Amino acid sequence: MADDRPPDISQCATYDELVASMSYLHAKSEALTAQMTSLYESQTGPLSFSMQRLDILGASLSTSQQTARSLTKMISDASSVASRISQKVRQLDKEQSRVQQSLDYALKTQELKSCIIGIYDATQVRDWEAVAQHIHRASKLPPELVKGRFAEVMVPTEENPESPAIALQNETESFGALFLKEFEAAAKAKDMEKITRFFKLFPLIGKEREGLDVYAKFVCTIIAGQSRQLMGSKIEGPLFFGMALSRLFENIATIVDQHTPIVERYYGRGKMQRVIERIQLEADTQGGIIMDTYFDDRNINRRLSDIKSYAFSFLVQSFMPTGMGMNMGMRSMSPAVGTDTGINVQDIDTVLNECAVMIGRWSLYCKFLAIKWWAQEPKSEDEKPIGKNKFAVALKIPPILPDSKLYVKMNTRVASAFELMATFFFRRSVEKAFQLDEAPNLKRLPPEPSPSSPLITSAIDDVMYVLNAVLERTVSTGHAHLIKNVIGNVRRVLESDLVGMIQRKMRDETYPKSVGTSSGNGPPPPPPEDKVNGFLVHLNNLDVATEYIERIIGTVVASCGDGEVVSVFPFGNEHAQVTSALNGLSSSFDSRVKELLHDGVQVIFVQVVKPRLRPLLSEAFKEATYMPHGSGSTDDPEESLSQQQADLVRLRFAYGWDALMHPIRKILTERNYSRLLSVTSEYVSTLLERRVWAMTGRVNELGAIQLERDVAGIISHVSQGKWYFLRERFVRVAQLVMVLGLDEQELEAGGIEWVLTDEERRRAATIRVDEM
């Protein structure tokens, strides 16, 4: 049918096409009608059944609808009744609330009247506690009630005709003045019972500030009296002012500790801060008096002026060229330069010690004050106590300290004086140590050097002793900024003066330079022994100074604690700053000295060791031959001779090596000798390698074995004992002589980590001559 489908009716061009199209459409319409009729008839039965069920359900819903309407009417009636009842209940509650408010108002008015009458009655019998309690109870009542018209009508009596608000205000002011007068009288009489009695009454009458102020005035009077008594009974001593300031801070700490519970009990948490503010003002006054007296009595300003004018003539002359020494010598005779008679270093040490005690006590006082101050504040979530005097986070400076006069004076005037005196004391000690420097006795040396007694000059021990004392004293101040400044100054003195003096002595006084010229082809004459030994001792000075400083810094850093305990650098990141400064001193000095040690070891090697190594090896290999003939049996005379030759080469080298290196070994420290030995072994390895390369065509199979024994013996002697690690320097020459003993197949076999290149191994194989 699809194949006979006529064209679309809109495209018909003839009558026949139109008739055909219409017939097709008519036939299709009849087919669709028949299909729909059949479908309808097939679905008529189920649809009829469903319609009947819907009619039955509709009848059932009608009954339910009627029941629902009946229930809705019943609920509506009940809701109306409940609404009327609820409205009446709310009205009754409102009336009852108003009655209760009126009753409360009346009772509170009666309470107000009772308080005012109670104040009058208690006043008659001078019961001040009862008066304060009545005023306190009245202050708890609402102000609108006290000032209300009802109270003005109901409260006044014949004895108290004033309105309650005015009466309470007058009574509060009157008894505030009375309690203040009684407190001052008790304080003057030092009657602690009466002091406590009236102190706890001030907050009850709303006079907290007045009570705290008069209480602070009382404790400040105690502090001032104790300080004046101490300063009045002045006892001469090197630490008098340090002890006076310590006693002042101890008295304040004792008072704050003892009185804080009392204040918190009667005034509440945080109220002690106001008392601490007043105490700090008194501390500024009394501490300022002690500090001013200290500066005057100890002539600090004059000492500082003398220190600034001291020219360190010995150090300056030591660094000047030789030609200018005479001019500087004339200058050193002038008193303006500052001589030992002008500045007594022992006096400076005494004054410095006292100054350190004062700054240290001040730091402890600041930490104590910070703990007490912030203990009055509510703890934040990130600041929880973790033990006695420990906190999870660092302390902060209390706001009362930065504006404190004593804080400014300690952090500027006193700290600056300490920094200047400490720097002078250390630098003058360095100068004095070199003025009195003594060299060690090198005439009777032990067979082996002692690590515990290195050969150094006396200046190193003296300087390190003073360095340890200065660092410990400075760190004991607990003043992070001051400590960093002093450490910076000490580092500059160490690197410029200490290291500079040793460097100058090495360059100008003990440089191991040969005094003659070589004769013929032999090596130049060795430098004078005293010059060489002096140079070696100065190398020891540098090495031992580095080791001592590492130990000193480690001990001082350990004394700083772990940064968690409040008693050691608790503010901010002070602990990290101090430890970083100390470690920076050690690392900076170590870096500076390592350069000089490297250069100094190179000097010893070039001037003393290197010129003897080539003749030493030539002597060791003298008359040695590596072209022996024999069957390889141990009974062969030539083989025995070869064995003796191998021993002879090793023994000759050992004799010459010990004669060259052992005198140096007895003087140098182990670390310095290790440095020198490392450089020397590298050069010995190079000389051996050159000698082996030069033997091309003069080594046979048996000779290769001898040569390997000779080289192994030399390597073993150089790297014996604790110097075994030096064998790494001889890897190339060891592999070179090993190649001589290998045949072609063994040479090409794997399993060896070669440092020689393929070209070098092939070239090495040509050194040996295989006999036909």
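User: Which residues does Arg665 touch, not counting residues up to four places away in sequence?
Analyst: This is a predicted model in which local features need pLDDT of at least 70 and side-chain atom pairs count only at pLDDT 80 or more, while totals for chains, interfaces and linings use all residues. Residues are numbered from 1 along each chain as its sequence is written, and side-chain values use heavy atoms, with hydrogens and water left out. With contact taken as heavy atoms within 4.5 Å, the residues that Arg665 touches, leaving aside those up to four places away in sequence, are Pro449, Glu670, Tyr673, Lys722 and Trp723.

User: How far from Arg665 is the nearest side chain of opposite charge?
Analyst: Arg665 is buried, a class that means under 20% relative accessible area, with exposed over 50% and partly exposed in between (1.4 Å probe, protein chains only). A salt bridge requires a side-chain nitrogen of Lys or Arg within 4 Å of a carboxyl oxygen of Asp or Glu, and Arg665 has none. Counting Lys and Arg as positive and Asp and Glu as negative, with His and the chain ends not counted, the nearest side chain of opposite charge to Arg665 is that of Glu670, at 4.6 Å.

User: How many residues apart in sequence are the parts that Lys372 and Asp257 tie together?
Analyst: The side chains of Lys372 and Asp257 form a salt bridge at 2.7 Å, N to O. Because Lys372 lies in helix α13 and Asp257 in helix α8 (helices, H or I, at least four residues, are DSSP runs numbered from the N terminus), the pair ties together parts whose separation in sequence is 115 residues.

Key
Helix = DSSP H or I, 4+ residues; strand = E, 2+ residues; numbered from the N terminus.
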